[in-house]
Amino acid sequence: MLPKKPGTIIESLLHNGLSLIAIRGAILTSSAVVTILLVRYLGAEGFGSYAAASSIYAVFLPFALFGLGNVITREVAKKTALAWEYFSTALCVGLGLTAVSTAAIILFSLYAGYPEAVSQAALVLAIGLYPNFIIQISESLFIGLEKVRYFALANAIAEAAEIALMVFFLTHGYKLFAVVAALVAVRFCFATALVFLVIRLTGKRRLVFDARFAIRFLKVSSVFAAAGILAGLLFKIDVLFLSRLAGLGATGIYSAAYKVVNLWAMVLTSFIGVFY
């Protein structure tokens, strides 16, 4: 593939960067609305249960992702013709890692001594590891192919569907377990749609596993995985301890305030994936 002219590179960075900002903007809006709705209808304790379950999920999520998204973006950008081979190989490797992470969340949720509401929500979120892994590597593939706008549109639809379902369930008196299950169901639909979109873009549909790619992916991504695991512990360990030591009510108040402040940091990271 011929190198791009400077003008084309700048245009590509701006175009993909703006698409990524649109994605982060949708996530930002969705996260803010979710926080407001959960606090409004479930109270501080209900939101504390959600925050504790989400923190358990977030701690184990990097084990499933294993930094594969970063590697996919770089490799696909260099060799777009092998996009499907990279994607399907990463999919095979990642689903195995996801199975281990799911089992770890289930065991932790059952034996860590958290209240029933937290354990149930964490178990549902554990199942959500599968679609979220597919979503992550799909986004990385679209970035590498410079087709981020497709992902941005699909993501906006998924975020809107999540908010609509949450409003419906909460206004009809459903509790946290049903709300989280609905969100995970939307994630499965989103992941399925992305796979079909990847098939459409690449023109391939047969699952391919290349052991050489897999070994190389794991070696390169191990650095990103280590960083992700440390970051997950650093940013979520406070909620895990707080929920056990101070109760779910205090956890809900702390998490709601932290969420509002932390949401805006998402916008600042939007261009990082493009420059990488």
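Rings of Phe, Tyr and Trp (its six-membered ring) are paired if their centres lie within 6.5 Å; planes under 30 degrees apart count as stacked, over 60 as edge-to-face and the rest as tilted. The model is predicted, so local features require pLDDT of at least 70 and side-chain atom pairs pLDDT 80 or more, whereas totals for chains, interfaces and linings use all residues. Residues are numbered from 1 along each chain as its sequence is written, and side-chain values use heavy atoms, without hydrogens or water.

The structure contains 10 aromatic pairs. F169 and Y174 form an edge-to-face pair, because their ring centres are 4.9 Å apart and their planes stand at 65°. F169 is buried, at 17% relative accessible area. Y174 is partly exposed, at 39%. Here buried means under 20% relative accessible area, exposed over 50% and partly exposed in between (1.4 Å probe, protein chains only). Ring pairs also join F60, F63, F108 and Y114 into a cluster.

The charged end of R40 sits over the ring of Y41, at 5.3 Å from the centre. A charge counts as over a ring if NZ of Lys or CZ of Arg is within 6 Å of the ring centre and within 35 degrees of the ring normal.

The largest nonpolar core holds 66 residues. Such a core is a set of buried Ala, Val, Leu, Ile, Met, Phe, Trp, Tyr and Cys residues joined through side-chain atoms within 4.5 Å. L38, I56, L141, M166, V180 and F217 touch the most other members. L38 contacts (heavy atoms within 4.5 Å) include M166, L170 and V179, with residues up to four places away in sequence not counted.
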